[in-house]
Amino acid sequence: MFERSKKDDDTIESQDANRNESDKTFGSRRSKVTGRGGDAAVIGRSIQINGDLRGGEDLRIEGDVSGTVELKNSALTIGKEGKVKADVYARSIAVDGETKGDLYAAERISVHVNARVQGNIIAPKVSIEEGAHFKGSIEMDPAAVEKALGKTAANGAAKPVAENKSGKSADDKATPKKPAKDARTNLHPPSGTA
Amino acid sequence: MISSLRRANPRTLSDSPAAFHAPLFQELLTGLDATRRHVILDLGAASTAMLALLGRSRCRVEIADLAHFGGIDHLNRAEHGPALAHAAESLLPNALPDDAIDLVFCWDLPNYLTLDALSALMAAIGRRARPGALAHALIFYADRDMKEHPGRFVPTADGELIDRSGPGAVTAAPRYSPEVLGKSMGRFVIDRARLLGNGMQEFLFRLESCGDASNH
């Protein structure tokens, strides 16, 4: 179901000869966001997912994802072709494509040029490039960010407990009312892989 | 001499935007109390420079980006009455309970709205703002023309403003007078105004409480 990249982002690029020039810059940009290169699962542009998507490794989305995305200790990149209609929880989030929903990151959220983001952004560090399109709110009060992320000193991971508009906690949101054809998708790597 | 020529020909301004001093804007930013939380509504587009400035204080920034997300046309075309009020509400980012707006950056967007649309928008904002909240706006005053689309104003390192929207076609500016604006900003009343070097007028509006408004 998922395309798994090989050892580095250059390999990701070489997997698709049709990838355009801006996509080719993806690897270096992503490395800056995550602070490391290397393995990342990829949801390809022809893939559509409705439901909860959870995992413990870095992920790039080029397809359509609706529901909830939880990669609490990992980096998520929503590629140029990616369309995400979900609340997203990750260690860091970089957006080149489209998102509709709230974005929570324990470290950083970067919205790149030509990205389209509608929803709220909660992260200690936020950057929005000129030319990106954003509608929503950005929490820049460190205390409120801390509270929203429910950051634990023990593991430094994002544990979202932010209240949403209905007064429910984000943990409640993590188990949303599922559509009839919901598919819970785990992206944990097979044993033996990082 | 050069500045007066530029003022006489808005196309020149459009082609080579110059940073301009906006004292009320600067005063707002420097006056932000770093010890308390602020809720700031920006009707324009998000910019890294603006976020960097606002990030010096504890704040939540709500960005509506009316120009890009079709808000201007939507408002101007909405039928007067409940439909217009609903259209105005729908353009604002979702609010958090008990998080009333303290400060609004309108930039030059009021110039692109009909007076009815402007009234509806500011009324919607007023319902979500605390009494005493401030709204900042830039109104085309000296020039007869303005760019066809709203600007993308960004603060410079020196605290000035520059329009990064680039050159574009021009259209007639409505040149709203202070009197007209005073009647079209909902419960926001004119606090102060300054004529700027680029021919725009900078306004600071203050939200009256419901009690204040009924006294007028």
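Helices here are DSSP runs of H or I with at least four residues, strands are runs of E with at least two, and both are numbered from the N terminus. You're looking at a predicted model, in which local features need pLDDT of at least 70 and side-chain atom pairs count only at pLDDT 80 or more, while totals for chains, interfaces and linings use all residues. Residues are numbered from 1 along each chain as its sequence is written, chains are lettered from A in the order in which they are written, and side-chain values use heavy atoms, with hydrogens and water left out.

**Stop one: an arginine in chain A.** Select A:R60, which sits in strand β4 (residues 59-61) of chain A. Its relative accessibility is 3%, so A:R60 counts as buried (under 20% relative accessible area, 1.4 Å probe, protein chains only).

**Stop two: the cores.** A nonpolar core is a set of buried Ala, Val, Leu, Ile, Met, Phe, Trp, Tyr and Cys residues joined through side-chain atoms within 4.5 Å. The largest one has 97 residues, and A:L76, B:L43, B:L54, B:L75, B:F105 and B:I125 touch the most other members. Strand β4 of chain B (residues 129-140) gives the most to this core, with eight residues. Apart from it lies another core, of six residues, including A:Y89 and A:L149.

**Stop three: where the chains meet.** Show both chains: 21 residues of chain A are in contact with 26 residues of chain B. Together the two chains bury about 2000 Å², 50% of it on carbon and sulfur atoms (accessible area lost on being put together, 1.4 Å probe, summed over both). Pick A:E130, A:K135 and A:M140, which supply 30% of the area that chain A buries against chain B, more than any other three residues.

Next, go for the charges. The rule finds five salt bridges across this interface (a side-chain nitrogen of Lys or Arg within 4 Å of a carboxyl oxygen of Asp or Glu). One to select is A:E130 with B:R152, at 3.8 Å, N to O.

Technical notes. Buried < 20%, exposed > 50% of the residue type's maximum accessible area, 1.4 Å probe, protein only. Contact = heavy atoms within 4.5 Å.
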